[in-house]
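Work through the exercises below with the sequence and the coordinates open. Each task is followed by a solution in steps.

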Amino acid sequence: MEIGQLFNVSGKVAVVTGGSRGIGEMISAGFLANGVKVYITARKEEPLVKKAEELSNKYNGVCIPIACDLSSSLGIDYFVKIIHEREKAIDFLINNAGAAWGEPYDKFSEVGWDKVMDLNVKSLFFLTQKLTEILKVRASGDDPSRVINIGSIDGLNVPAFETYSYSTSKAAVHHLTRVMAAKLVKENILVNAIAPGPYPSQMLGSAVDHDYSETARKNPRKRVGMPEDIAGLVIFLCSQAGSYVVGETIASDGGIVKTAGHNLG
Ligand SMILES: NC(=O)c1ccc[n+]([C@@H]2O[C@H](COP(=O)([O-])OP(=O)(O)OC[C@H]3O[C@@H](n4cnc5c(N)ncnc54)[C@H](OP(=O)(O)O)[C@@H]3O)[C@@H](O)[C@H]2O)c1
């Protein structure tokens, strides 16, 4: 019952896709600060390698960069091959890499549809499928492995921006989480999703000109998300404390989803 045991994740091995910046970096930092060895991925090699060095030094941990494009089967196969060469088992897979696309309804393009659906939904499924064997290796009833899919509150609410494929892809991520959870719980792999609200990042920043003051003002908690918010939730889900949570989508949004409509009348 002690907190050090309940929330302990040290000695585990994690993969965090899209760990070079934003929410993936926040999750990786939380893991590294608590003794987890972390593999991070992104397409752009230079910032990825720099980030891995920076995080390893800051937290006195082991952060390993693997540059790859997860939007194609080729990229997924390459990444899976490297993981198998380096590790006999992994404990946590955080499917965080994602893309967004905004365009007016009447001009919304096929490329903006396919790019987002391919990375956010298709790649998430196939990467998890191809890492299932290595996630099974150490998984047990007492100490299950974990998959956490990063969805979005845009997959729960109707979004403010014209992001038709993005919000649809995130609703798919939440449902796929339930479907995969039902299958993989039998293998002692627990699948859950987190639906973040606004967190400062390149993705959100490009939509609000990197000025988060209005976003914070409109939030029920009067702020945007902080690294501790998302890292703490991931650590909870990956620790003994979270080991009875299966197939859930947990919003981390300052209350946006649950208070929607409260001020309408
Ligand atoms: N920030 C928010 O407010 C917010 C809210 C709700 C949900 N989310 C979700 O949280 C996740 C992270 O978002 P973020 O805001 O942190 O975004 P971000 O700052 O744009 O970071 C995205 C990360 O994914 C990597 N990535 C993108 N395309 C990739 C590909 N094809 N293959 C491999 N890696 C790729 C990026 O690196 P490269 O560009 O070098 O590949 C980067 O490391 C996404 O799933 C997003 O939908 C974010």
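Which helices each supply at least two residues of the shell around the ligand?

**Solution.** Step 1: the model is predicted, so local features need pLDDT of at least 70, side-chain atom pairs count only at pLDDT 80 or more, and totals for chains, interfaces and linings use all residues. Residues are numbered from 1 along each chain as its sequence is written, and side-chain values use heavy atoms, with hydrogens and water left out. Step 2: helices are DSSP runs of H or I with at least four residues, strands are runs of E with at least two, and both are numbered from the N terminus. Step 3: the helices asked for are H2 (22–33), H6 (164–184) and H7 (202–208). H7 gives the most, with three residues.

**Exercise 1. Describe the shell around the ligand and the polar atoms that face the ligand.**

**Solution.** Step 1: a residue is near a molecule if one of its heavy atoms lies within 4 Å of it. There are 29 residues around the ligand, and those that come nearest are Ser-20, Arg-43, Asn-96, Tyr-166 and Ser-201.

Step 1: sort the shell by class. Ala, Val, Leu, Ile, Met, Phe, Trp, Tyr, Cys and Pro count as nonpolar, Asp, Glu, Lys and Arg as charged, and the others, Gly among them, as polar. The shell then divides into 13 nonpolar, 11 polar and five charged residues.

Step 2: look for polar contacts. These are pairs of N or O atoms within 3.5 Å; within protein, one atom must be able to donate a hydrogen and the other to accept it, and residues adjacent in sequence count only if both atoms are side-chain atoms. Ser-201 places a polar side-chain atom 2.5 Å from an oxygen atom of the ligand. For Asp-69, a polar side-chain atom is 2.8 Å from a ligand nitrogen atom. Gln-202 takes part through a polar backbone atom, 3.3 Å from an oxygen atom of the ligand.

Step 3: the ligand taken alone exposes 890 Å², and the protein buries 96% of that. Accessible areas come from the Shrake-Rupley method with a 1.4 Å probe; for residues, only the protein chains shown count as cover.

**Exercise 2. Count the cavities of 30 Å³ or more and describe the lining of the largest cavity.**

**Solution.** Step 1: set the rule. On a 1 Å grid over the protein atoms alone, a cavity is a set of points where a 1.4 Å probe fits but cannot get out, and lining residues have an atom within 4 Å of a point. Grid points are joined across faces, edges and corners, and a volume is the space filled by probe spheres set on the points.

Step 1: the count is one cavity of 30 Å³ or more. The largest cavity has a volume of about 100 Å³.

Step 2: its lining has 13 residues, with Thr-17, Asn-95, Ala-97, Leu-119 and Leu-124 nearest the centre. Helix H5 (110–136) and H6 are the elements that give two or more residues to this lining. H5 has the largest share, five residues. By class, the lining holds seven nonpolar, five polar and one charged.

**Exercise 3. Is Asp-91 buried or exposed, and what does its side chain reach?**

**Solution.** Step 1: Asp-91 sits in the loop between helix H4 (73–86) and strand S4 (92–95).

Step 1: buried means under 20% relative accessible area, exposed over 50%, and partly exposed in between, with a 1.4 Å probe and protein chains only. Asp-91 has a relative accessible area of 3%, so Asp-91 is buried.

Step 2: the side chain of Asp-91 reaches the backbone nitrogen of Val-13 at 2.7 Å. The side chains of Asp-91 and Arg-138 are joined by a polar contact of 3.0 Å.

**Exercise 4. How far is Gly-225 from Tyr-199, C-alpha to C-alpha?**

**Solution.** Step 1: Gly-225 lies in the loop between H8 and H9, and is buried at a relative accessible area of 12%. Step 2: Gly-225 and Tyr-199 are 26 residues apart along the chain, and their C-alpha atoms are separated by 4.6 Å.

Terms used. On a 1 Å grid over the protein atoms alone, a cavity is a set of points where a 1.4 Å probe fits but cannot get out, and a pocket is an open set with protein on both sides within 12 Å along at least five of seven lines; lining residues have an atom within 4 Å of a point.
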